[in-house]
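Student: I have a chain to go through before I plan anything with it. Can we take it piece by piece?

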Amino acid sequence: MTISLGALCASVVDSPGPIVHRRNAMLTTTLIVCFVALCTGLANLSAIFLGILIAGFSFFFSMFYVYGLRAASIGTAALLVMTLSIGDGRPLHEIILHALYILIGGAWYTALSISLYRIMPYRLAQQSLGDCIVEVAKFMKIKAGFYKENINYDENYTKLIEAQIVVNEKQDAVRELLFKTREIVRESTQEGRFLVVVFVDLIDLFEQIMSTFYNYKNLHQQFDSVGILQKYEAILTLLADELENIGYAMKLGTTPHLSPTIPRRLQELHNAILELENGPDAAQFNTLSIGALKNIEVNIKNIFLRLKKIVGNFKNRKKKSLSIHGLETTPFIAHQEYEAKAFKENLTFDSEIFRHSIRVALVMLVGYIIAQSFAFLHSNWILLTIMVIMKPAFSLTKERNYHRLIGTIIGAIFGLLILSYQHNKQVLFVILLFCMLGAYSFQRKNYVVSVLFMTPFVLILYDFLGMGNISVLEERVMDTFIGGGISFIASYFLFPSWEKEKLKKNLVEMLSANLQYFRQVRGLYLGNEFQSLPHKLARKNVYVKTANLASAFQRMFSEPKSKQTSIKEVHQFSVLNHLFSSYTATLALYVLEHFDEIPDFDDIQHIADNTEKLLETSIKVLQTDHFKVEELQLLQLKNHHKHEDEGILLIPEQYVNIQKAAFDICKISERIKI
C-alpha cells in the first residue's frame, strides 16, 4: 500500500510534456515526498510539532505555483503524502521504512513511465495532437452554426469563444510536447517531422476557420428567403466531421481518408451561387452580398485543400518525404526559470500566490485543530479535502468544492449499495479495480466523475482492511462537508483573489495583441515584405490573449454578484475583439494568397489609420481612469471601387468592417468600470 502511494505521488506530476521535464519532475517529487513522509512520521510524536509542520509545509509547497503548474503538482504530491501520514504513530525504524517504501514506489513509477516513453516515444504527442485536431473541428462546427436560420448570435459567440479557450490550451500542450523535444525539433526522425508538419498545417487551418469576411446578420437578411445559407452550414459541418475523423485517426495511429462526396457538394454550392447571380431574382441581391458568398465559397475550398494537405501528410509519412527544414520553434514556447529569486519576489501580499499559500496554511491548521478536537476516526480526510479543493482563485475553489461534494455524495450512495448487496470478495475486488481505473482515468478530464469512482473505491478498500461499516461512509461524507465548508469560507473572507482585480490587465493585453496583429497585416497591403515569424507570433499572441480574457470572464461570472464588474460590457468586449481578429485574419489570408493581384488601395489608408487610433484610444481609456475621449468618428470610403474580381472589391468593405469593430470596442471600453 505504501509503495503504491509513492507511485501515485510520482504520477501526479507526470502530465503531458517533454520527457526531460517529466523525468526531472518525477525524480524531484520522489525525493521530496520521501523527505516529507519522514518529517511527518517524526512530527506525529507531538501534536504541537505536527500542527507547526502542517502549517509550514502547506505554505511552502503551495508557493510552488510560482514556478508553473508542473511545479505546483510537485507541491500537491508533497501535501498528499503529508496528509495521509498524519496520525500514523510508529517506532523510528518503521518511520524510516515507511519513507523508504514511498521512495521505492516513486522510483518504480518513474522507471515505468520512462520505459513506456522509450517504447512509444511519440504516443503522447500523437494523442495530444489528435485532441487538438478534434477541438478545432468542434470550433468549426460552432462557426458553421452562424449560417442557421434564427441563430442566437450572442449565444453562439459565447460558445465560440469558450471553444477557443479549449483550442488554445490544446495548442499550447502540443507546442510543449513538440517544440521542447530535441529529437523532434532537430528533424531526426520521420515520425517527429510528420507531427510537426501536421501541427503547423493545423494552425494555418485554424486561421482559415477563424476568418470572417462578412456580417452574418446582413447575409441572413439577404439570403434566408432562398435557403442557400443552409448549404454553407451543411458543407462546413461535413468538413468539420472530416477534420474530427483526422483527429481520431491521429490518436489511433491509422491513416484517414476524406469523403469522396466533398467535391460534388462543393460543385453544388458553386452552381447554387451562379444560379442566384444569374437567375431571374438576381436584381434583389447587391454585388457585395454575392461577392461575400463567393468569398465564403473560396474560403471553404481552401479549408478543403488544407484538409487534403493534412491527409497527404499521413501518406507522405510512409514515403519518408516530409521536411521541417528552417522552421523556427523557439519563439513559440515559454521557458520557465526555477530560481530562488522568483520565490523571494512573491513573498509579499501583492502576490496572489503568496496570499493563497497563507490561506492554505491557515485553513489546513484550522482543519487539523477541528479534527483533533473531535477525535474523528480518519481526521486526515478533512485535510485531504482542503488540500484538493483550495485553489488560488475563488471561482476555481468554488467549482472544485461543488464537484467534490456532488461526487462524494453520489459515490457514497453507490458504495453503500455495493457493500450492502455484494459480499463476495472476488466480485468486490473486480469492482475495486474498476473504480480505481475510473478514478484515475477521469482525474484530469472530469473531477466529478473521478470523485464518484474514488468514494466507493475507498469504501471497498476499507472493507478489505476490516473497517467497512456505515461509520466510515458517514465520516467520509461528514469530513468532506467540513473540509469543503472551511475552504469555501476562507476563499471568500481570507485574503481573497477576485478576477476584477486582474481585469484591466487582460483587457489591455487583448487590445494590444489585436493592434499588433492588425499592423502586421496592414503592412502587407502597403507593400511590406511578408515575414513569417513576426506574423505567426502576432497571430499566436491574439489567440492566447483571447483565451486568457475569456477564461478570466468565465471565472468572474462564477464569483459572487457583489464581486463582478461590468459583466455585460466585458462579454461584448470579448465578442467584438473576436470579430476584430477574425476580420484581420481574413485580410491576412487574402493578401497572402493574392499578393501579386492586390491593387493599390491608397484611399483606404485613412480608414486603417483611424482603426489603429481607435484601438490606441481604447487602451488609454482602460489604462487611465481620467482619460478624456475625443470625439470619435467612423470614416467613409473616398471612392467607390470597381473591379471584376468581387474578392478584391470586398477588401475596402473589410477595412470598413474592421474600423466599425474598433469603434464599437472603443465605445464599450468607456462603459467598463474597473
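Student: In this predicted model, is serine 566 buried or exposed?
Tutor: Serine 566 is in the loop between α22 (532-557) and α23. Its relative accessibility is 15%. Buried means under 20%, so serine 566 counts as buried.

Student: What is the phi of serine 566 near?
Tutor: Most residues other than glycine have a negative phi. Serine 566 has a positive value. Its phi is near 50°.

Student: Which loop holds asparagine 150, and is that residue buried or exposed?
Tutor: Asparagine 150 also has a positive phi, near 55°. The residue is in the loop between α6 (123-144) and α7 (153-179). Exposed means over 50% relative accessible area, so at 77% asparagine 150 counts as exposed.

Student: How many helices and how many strands does the chain have?
Tutor: The chain has 674 residues, and buried residues make up 54% of them. Of its contacts with a separation of 6 or more, 83% are between residues 24 or more positions apart. The secondary structure comes to 25 helices and zero strands.

Student: Which residues touch the most other members of the largest nonpolar core?
Tutor: In soluble globular proteins, nonpolar side chains tend to be buried together. The largest nonpolar core here holds 119 residues. Helix α23 (residues 567-593) gives the most to this core, with 13 residues. The residues that touch the most other members are Tyr232 and Phe573.

Student: What is phenylalanine 573 in contact with, leaving aside neighbours within four places in sequence?
Tutor: Contact here means heavy atoms within 4.5 Å. On that basis, the partners of phenylalanine 573 include Leu507, Met510, Leu511 and Leu549.

Student: At what angle do the axes of helix α16 and helix α17 cross?
Tutor: Helix α16 covers residues 380-389 and helix α17 covers residues 394-421. Their axes come within 9 Å. The angle is roughly 135°.

Student: How do the residues of the contact of α16 with α17 divide into nonpolar, polar and charged?
Tutor: From α16 come Leu384, Thr385, Val388 and Ile389. They meet Thr397, Arg400, Asn401 and Arg404 in α17. The division is three nonpolar, three polar and two charged.

Student: How many residues of α16 are buried?
Tutor: The buried residues of α16 include Asn380 and Trp381. Leu384, Thr385, Val388 and Ile389, which meet α17, are among the buried residues too. α16 is mostly covered, and the number buried is 10 of its 10 residues.

Student: Why does isoleucine 358 count as partly exposed?
Tutor: Isoleucine 358 is in helix α15 (residues 352-374). Leaving aside neighbours within four places in sequence, isoleucine 358 is in contact with Phe59 and Phe495. Its C-alpha atom is 8.3 Å from that of serine 58, 300 residues apart along the chain. Partly exposed lies between the limits of under 20% for buried and over 50% for exposed, and isoleucine 358 falls there because its relative accessible area is 21%.

Student: Which residues does alanine 490 contact, leaving aside neighbours within four places in sequence?
Tutor: Alanine 490 is in helix α20 (residues 470-493). The residue is buried, with a relative accessible area of 8%. Alanine 490 and leucine 362 are 128 residues apart in sequence, yet 8.9 Å apart in space, C-alpha to C-alpha. The residues in contact are Arg359 and Val363.

Student: What does threonine 30 touch, not counting residues up to four places away in sequence?
Tutor: Threonine 30 is in helix α2 (residues 19-43). At 5% relative accessibility, threonine 30 counts as buried. The residues touched are Ala10, Leu103, Gly106, Ala107 and Thr110.

Student: How many disulfides does the structure hold?
Tutor: A disulfide is a covalent bond between the sulfur atoms of two cysteines. Cysteine 9 is buried, at 0% relative accessible area, and cysteine 666 is buried, at 0%. The number of disulfides is zero.

How values were computed: Residues numbered from 1 in each chain as written. Predicted model: local features only at pLDDT ≥ 70, side-chain atom pairs only at ≥ 80, totals over all residues. Heavy atoms only, no water. Helix = DSSP H or I, 4+ residues; strand = E, 2+ residues; numbered from the N terminus. Buried < 20%, exposed > 50% of the residue type's maximum accessible area, 1.4 Å probe, protein only. Disulfide = S-S within 2.5 Å. Core = buried A, V, L, I, M, F, W, Y, C linked by side-chain atoms within 4.5 Å. Axes fitted to C-alpha atoms, helices over the stretch in contact; angles between N-to-C directions. Nonpolar A, V, L, I, M, F, W, Y, C, P; charged D, E, K, R; others polar.
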